Amino acid sequence: MVSEEAISYNREALSIVRRIGNSREIATRQFGLGFNLLWYGDLRAAETELHAAFKLGEQIGDAWAQTVNLTYLSICHRLMGQIEMVRSEAPRALEMARAAQLEYYIGVGQANLAWLDWRDGRLNLADDDGLLAFQALLQVTYPFKWIALFPLIAIHMAMDNYAQAIEYVGQLLDRSQMRLPAPMETAAQAALSAWQKDDLDTSRAHLELTVQMAQERGYL
């Protein structure tokens, strides 16, 4: 979880490199600020910084800066519910990630396609894309696997495959992963706990609540 102190440090770092005038370092530090603002929850400010860093990456021909900023812009727009923005950004970000052989962002890009498939009601395609994304992200240390997991959980709930959905919930709650908002995390933990006690009705109720909150908060 990102603190106000972390945001302050990132703003200071960006201010310093701007005074130095190294464009690549500015793009890197501006991405850092946008990234931290994203996980702090200030989505509008994150959008501004990530977009500016992406444009600077374009100007200086920095493939890494373009890829990471467009990738996290697409996540930012997912959280904001801006489907058409994600539809525009996600395929391009995935193409860039593949060209640069950035494994993290290949998985994230595939996960964004799964989210679009889910929002479009294409469950089978969403399941295929989501599984590809999750398998890619399993190969790396990455704390934001919810990007792939929430579409997969929703898909398997819709297919009445609760056992698989619960397996993905277990991955979501792994200690290596980003903390979810407290009400969502509590509901997910309750779903997993009830399933382990063979209380299937209670587990399903908590799982449905988890997915509902994920939709309301932009995670799904």
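User: How do helix 8 and helix 9 lie relative to each other, and at what angle do their axes cross?
Analyst: The axes of helix 8 (residues 146-158) and helix 9 (residues 162-172) come within 8 Å and cross at roughly 160 degrees. That makes helix 8 roughly antiparallel to helix 9. Angles under 35 degrees count as roughly parallel, over 145 as roughly antiparallel, 65 to 115 as roughly perpendicular and the rest as oblique. The axes are lines fitted to C-alpha atoms, for helices over the stretch in contact, and the angles run from 0 to 180 degrees between N-to-C directions.

User: What kind of model is this, and how are residues numbered?
Analyst: This is a predicted model in which local features need pLDDT of at least 70 and side-chain atom pairs count only at pLDDT 80 or more, whereas totals for chains, interfaces and linings use all residues. Residues are numbered from 1 along each chain as its sequence is written, and side-chain values use heavy atoms, with hydrogens and water left out.

User: And how are the helices defined?
Analyst: Helices (H or I, at least four residues) and strands (E, at least two) are DSSP runs, numbered from the N terminus.

User: Back to the pair. Is the crossing of helix 8 and helix 9 left-handed or right-handed?
Analyst: The crossing is left-handed. A crossing has that hand if the near helix is turned anticlockwise from the far one by less than a right angle, and is right-handed if clockwise.

User: Which residues in helix 8 and helix 9 meet?
Analyst: Helix 8 contributes Trp146, Leu149, Phe150, Leu152, Ile153, His156 and Met157. Their partners in helix 9 are Tyr162, Gln164, Ala165, Tyr168, Val169, Gln171 and Leu172. Contact means heavy atoms within 4.5 Å. The residues of this contact of helix 8 with helix 9 divide into eleven nonpolar, three polar and no charged. Here Ala, Val, Leu, Ile, Met, Phe, Trp, Tyr, Cys and Pro count as nonpolar, Asp, Glu, Lys and Arg as charged, and the others, Gly among them, as polar.

User: Which residues of helix 9 are buried?
Analyst: The buried residues of helix 9 are Tyr162, Ala165, Ile166, Tyr168, Val169 and Leu172. Seen down the axis of helix 9, these residues fall within an arc of 160 degrees, so they line one face of the helix. The arc is that of the directions from the helix axis to the C-beta atoms. Buried means under 20% relative accessible area, exposed over 50%, and partly exposed in between (1.4 Å probe, protein chains only).

User: What do the buried residues of helix 9 pack against?
Analyst: They pack against helix 7 (123-138), helix 8, helix 10 (182-196) and helix 11 (200-216).

User: Switching to helix 6. At what angle do helix 6 and helix 8 pack?
Analyst: Helix 6 (residues 103-119) and helix 8 pack at an angle of about 35 degrees, with their axes 8 Å apart. Their crossing is left-handed. On helix 6, Val108, Ala111, Asn112, Ala114, Trp115 and Trp118 make the contact, together with Ile147, Ala148, Pro151, Ala154, Ile155 and Ala158 of helix 8. The residues of this contact divide into eleven nonpolar, one polar and no charged.

User: What about His156, buried or exposed?
Analyst: His156, in helix 8, is buried, with a relative accessible area of 7%. Leaving aside its neighbours within four places in sequence, His156 is in contact with Asp127, Asn161, Tyr162, Gln164, Ala165 and Tyr168.

User: Where is Asp127, and what does it touch?
Analyst: Asp127 is in helix 7 and counts as buried at 18% relative accessibility. Not counting residues up to four places away in sequence, Asp127 touches Leu152, Ile155 and His156.

User: And Ile153, what does that touch?
Analyst: Ile153 belongs to helix 8 and is buried at 1% relative accessibility. Apart from residues up to four places away in sequence, Ile153 touches Ala165, Tyr168, Val169, Leu172, Leu207 and Val211.

User: One on His77: which residues does it touch?
Analyst: His77 is found in helix 4 (residues 63-79) and is buried, with a relative accessible area of 2%. Not counting residues up to four places away in sequence, His77 touches Glu47, Gln82, Met85, Val86 and Glu89.

User: Last topic, the backbone. What is phi of Gln101, and of Asp160?
Analyst: Phi of Gln101 is near 55 degrees, and phi of Asp160 is near 60 degrees; each is a positive value in a residue other than glycine. Most residues other than glycine have a negative phi. Gln101 is in the loop between helix 5 (83-100) and helix 6 and is exposed at 64% relative accessible area. Asp160 is in the loop between helix 8 and helix 9 and is exposed at 59%.
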